[in-house]
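Subject: Structure handover

Hello,

Here is the structure for you to look over. My notes on it follow below.

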Amino acid sequence: MVSLKKLQKQIYANKIKKGFNTTDIYKEFCLIHEEVSEACRAYYRKEYTVGEELADVAIYLLGLSEILNINLEKEIKRKVLRNSKRVYKRINGVLTKR
């Protein structure tokens with residue numbers, strides 16, 4: 001399996017090659033938001049493109065991570081570990097982290 005860091009570099013190289021944005025960080029966040037919305041819409045409409053839209057979300061996220069010099073694979077592993085140790089309590093029917 002290819003590491004996320006390697007995918008980040010491939011995605012960034014493709015952005016450069018195709019002339020896509022690599023400097024406007026706010027635009028990248030907006031594009032990620034747009035792709036999440038498209039995935040949600042596809043799911044709501046029971047379209048077969050949900051997986052493709054989720055892939056677009058991941059591609060934009062990995063590209064932005066590379067632009068910002070963030071090792072997303074490392075950050076995900078760290079966050080998964082933190083979440084596994086987090087304690088939650090149900091308060092008035094709402095699951096709340098403590």
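Predicted model: local features only at pLDDT ≥ 70, side-chain atom pairs only at ≥ 80, totals over all residues.

K77 has a relative accessibility of 57%, so K77 counts as exposed.

Salt bridges

K77 pairs with E73 in a salt bridge, with an N to O distance of 3.7 Å. The two residues are four apart in helix α4, so about one helical turn separates them. E73 has a relative accessibility of 22% and therefore counts as partly exposed.

Helix α4 holds another pair, E75 and R78, three residues apart and again separated by about one helical turn. Their side chains form a salt bridge at 2.9 Å, N to O. E75 is partly exposed at 35% relative accessibility, and R78 is partly exposed at 43%.

The side chains of K9 and E66 form a salt bridge at 3.2 Å, N to O. Because K9 is in helix α1 and E66 is in helix α3, this contact ties together parts that lie 57 residues apart in sequence. In total the structure contains five salt bridges.

Pocket

For the largest pocket, the computed volume is about 190 Å³. Which residues line it? The lining consists of I11, N14, K15, F20, N21, K27, E28, L31, I59 and Y60. By type, five of the lining residues are nonpolar, two are polar and three are charged. Three helices each contribute at least two residues to this lining: α1 (residues 4-18), α2 (25-44) and α3 (50-67).

Surface patch

F29, L68 and I70 make a nonpolar surface patch of about 250 Å². Of these, L68 sits in the loop between α3 and α4, the latter spanning 72-85. The relative accessibility of L68 is 37%, so L68 counts as partly exposed.

Backbone

Two residues deserve a look for their phi angles. Most residues other than glycine have a negative phi. K46, which is not a glycine, has a positive phi near 55 degrees. K46 is located in the loop between α2 and α3, and its relative accessibility of 76% puts K46 in the exposed class.

N92 is also not a glycine and has a positive phi, of about 50 degrees. Where is N92 placed? N92 is in the loop between strands β1 (88-91) and β2 (94-97). With a relative accessible area of 79%, N92 is exposed. Both K46 and N92 are therefore loop residues, and each falls in the exposed class because its value is over 50%.

Regards

Definitions and conventions. Residues numbered from 1 in each chain as written. Heavy atoms only, no water. 1 Å grid on protein atoms, 1.4 Å probe; cavity = no way out; pocket = protein on both sides within 12 Å on 5 of 7 lines; lining within 4 Å. Points joined across faces, edges and corners; volume = space filled by probe spheres on them. Nonpolar A, V, L, I, M, F, W, Y, C, P; charged D, E, K, R; others polar. Patch = residues over 30% accessible without salt bridge, like charges linked within 9 Å, V, L, I, M, F, W, Y side chains within 5 Å. Areas by Shrake-Rupley, 256 points an atom, 1.4 Å probe, with all protein chains shown as cover. Salt bridge = Lys/Arg side-chain N within 4 Å of Asp/Glu carboxyl O. Buried < 20%, exposed > 50% of the residue type's maximum accessible area, 1.4 Å probe, protein only.
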